[in-house]
Amino acid sequence: MKILVCISKAPDTTTKISFTDGDTKFDESGVKYIVNPYDEWYALVRGLELKEAHGGSVTTVTVGTAEDEATIRKALAIGADDATRIDVKPEDASQVAAEIAHFAKEGAYDLVLLGKETIDYNGSQVGGMLAEHLDMPFISLAEKLDVEGTTATLDKEIIGGLQTVEAELPLVVSCTKGMAEQRIPNMRGIMAARKKPLNVVPASGAAKQTSFEKYALPAPKSAVKLIDPNNMDELVELLHNEAKVI
Amino acid sequence: MSVLVYINSNGEKIAKNAFEAVTYAKKIGDVTVVTNGKADDSMLSQLGKYGASKVMVDRSFEGIDEQQLTKMVATAAEKIDANTIIFSNDLIGKAVAPRLSVKMNVGLVAGASGVPEADGTIPVNVFSGKAYGYVKVNTDKKIIALLPNSIPVEETGSEAPVEEFEGNAGESRVTVKETKLPEGDIPLPEAELVVSGGRGLKGPENWGMITDLAKELGAATACSRPVSDSDWRPHHEHVGQTGVAIAPNLYIAAGISGAIQHLAGVNRSKVIVVINTDDEAPFFKAADYGVVGDAFEVLPRLTEAVKKFKASN
Ligand SMILES: Cc1cc2nc3c(=O)[nH]c(=O)nc-3n(C[C@H](O)[C@H](O)[C@H](O)COP(=O)(O)OP(=O)(O)OC[C@H]3O[C@@H](n4cnc5c(N)ncnc54)[C@H](O)[C@@H]3O)c2cc1C
């Protein structure tokens, strides 16, 4: 089975968010980047488990600049066989999806896995876009994925519950919690990753369709109003009359 | 301007986030709604109240297959020459809107939190709710997927005519084997009231305090990540940066410290109540109302107070 896993970097979860250039650019100074947790913990690890069970290969693909190579090496250290970096700065989801699709068309992959969203722009867009480019079904928010021959069985979140579905490969699957357990790379993995192929390919030149014009931070919260723990009637009264939420 | 809204009408009733999407669309132009399945005309025509001037329904297929819905919405968009297409950014919108964006070659704004600004940019939540961004779409037409619970529903009209149409949805390539919808539970992502518990509650055996309060309020239940990681509660209740992001009117957090990753999933809540024994818990900085006290005493007391309030109102 040939598996492609889309890997993106994302700012570490504790990053303090601020902007520069008149609030038109995310201030990257001092920001530590990690592999987007959904891509790493769920998509990549499930890809590796499927390869271990059925044979085949796990390739990662990233749309990004040389700055992304540390996070790509981490994915290789966790166990991916090889990586490709499409050499262009990612600008929006439509560009990223078009670039990955251009690359993936060549590879005849059986499964394309990605995280349900990145934790910076939270768009949840690339998977669906990619599936449309590749004319494959898109199983979103899957928390379980098994493959038997050429048929995949998946559990996916639906509004208010869970659905078990079946589809023929090839597929695009966005992965969420439950799919796999996080793997911590060991020393051997980290050493091996240095020698694994990290191919850099030029971008096809896909255009972006959207752009962020400016950013703003939410207004700071006013101070908390403390309520006597013995007087929950007062809290209910405030929630009703002051906050008007019940 | 011609605006098309996709709504899901496959359930018993139409969900509030569909009314939000129609309300939102009405602020942009003349609204046509497109949907599929077997819903009664009478149920669909009520969308007129929120501003739809027409409802188009494809009765030839049911369900929420994302490839079929993409084709159907594209057919409808062409038919009415829609300039803007609106989805609710729920689990269906997240699967269909990106596909449609590629199919129609139209820019998508996912997770819009408000109506377009005077300069045409659209506000969205970014960095897991820690900031807003304003997005410009570079194509003539646009697709907007609206975050649930970000604008109030408004009734502006009366019933809308319902007409059948052929959406050329094609066949589904995915077979549904089983659908599990836990009964009585309120789905978390769309809930207006949420009661949530953290590690401070010590163990799953103590969750009755959370579910009792939730039942009394008609709220959904949620939890912090360590709680679902320890299997005290199911995964789908985990809120935060790596769980579900929610924006209810009221979020009550008991025994949760308020780590930055937790706040990222709940900071769009309109009102936050924090119950914690530690008056220095970081969550109090993000709270509107705080109770410094033992959740084991405060939660039952709050449940009683809500009961009393419900009885007298
Ligand atoms: C990459 C990454 C992603 C993460 N994503 C998430 C996420 O999505 N969601 C998430 O929640 N966490 C996430 N975390 C974990 C997060 O950092 C915290 O560890 C977690 O939120 C803590 O959960 P908690 O508040 O339940 O437990 P604790 O931090 O242990 O806090 C328990 C709280 O309960 C209070 N308490 C104790 N006894 C009582 C009592 N009797 N009555 C009232 N209060 C009491 C304590 O004072 C304390 O404040 C993530 C971490 C990382 C590194």
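A residue is near a molecule or strand if one of its heavy atoms lies within 4 Å of it. The model is predicted: local features need pLDDT of at least 70 and side-chain atom pairs pLDDT 80 or more, whereas totals for chains, interfaces and linings use all residues. Residues are numbered from 1 along each chain as its sequence is written, chains are lettered from A and ligands numbered from 1 in the order in which they are written, and side-chain values use heavy atoms, without hydrogens and water.

**View 1. The ligand between chains A and B.** The ligand is surrounded by 28 residues, the closest being S224(B), T242(B), S257(B), Q261(B) and N276(B).

**View 2. Polar contacts of the ligand (pairs of N or O atoms within 3.5 Å).** An N or O atom in the side chain of T242(B) is 2.7 Å from a nitrogen atom of the ligand. For H262(B), a side-chain N or O atom is 2.8 Å from a ligand oxygen atom. A backbone N or O atom of Q241(B) lies 3.0 Å from an oxygen atom of the ligand.

**View 3. Packing of helix α6 of chain A with helix α8 of chain B.** Helices are DSSP runs (H or I, at least four residues), numbered from the N terminus. The axes of α6(A) (residues 232-242) and α8(B) (residues 295-312) are 8 Å apart, at an angle of about 55°; axes are lines fitted to C-alpha atoms over the stretch in contact, and angles run from 0 to 180 degrees between N-to-C directions. The two helices, α6(A) and α8(B), are therefore oblique to each other, a class that holds the angles left over from roughly parallel (under 35 degrees), roughly antiparallel (over 145) and roughly perpendicular (65 to 115).

Technical notes
A polar contact is a pair of N or O atoms within 3.5 Å; within protein, one must be able to donate a hydrogen and the other to accept it, and residues adjacent in sequence count only if both atoms are side-chain atoms.
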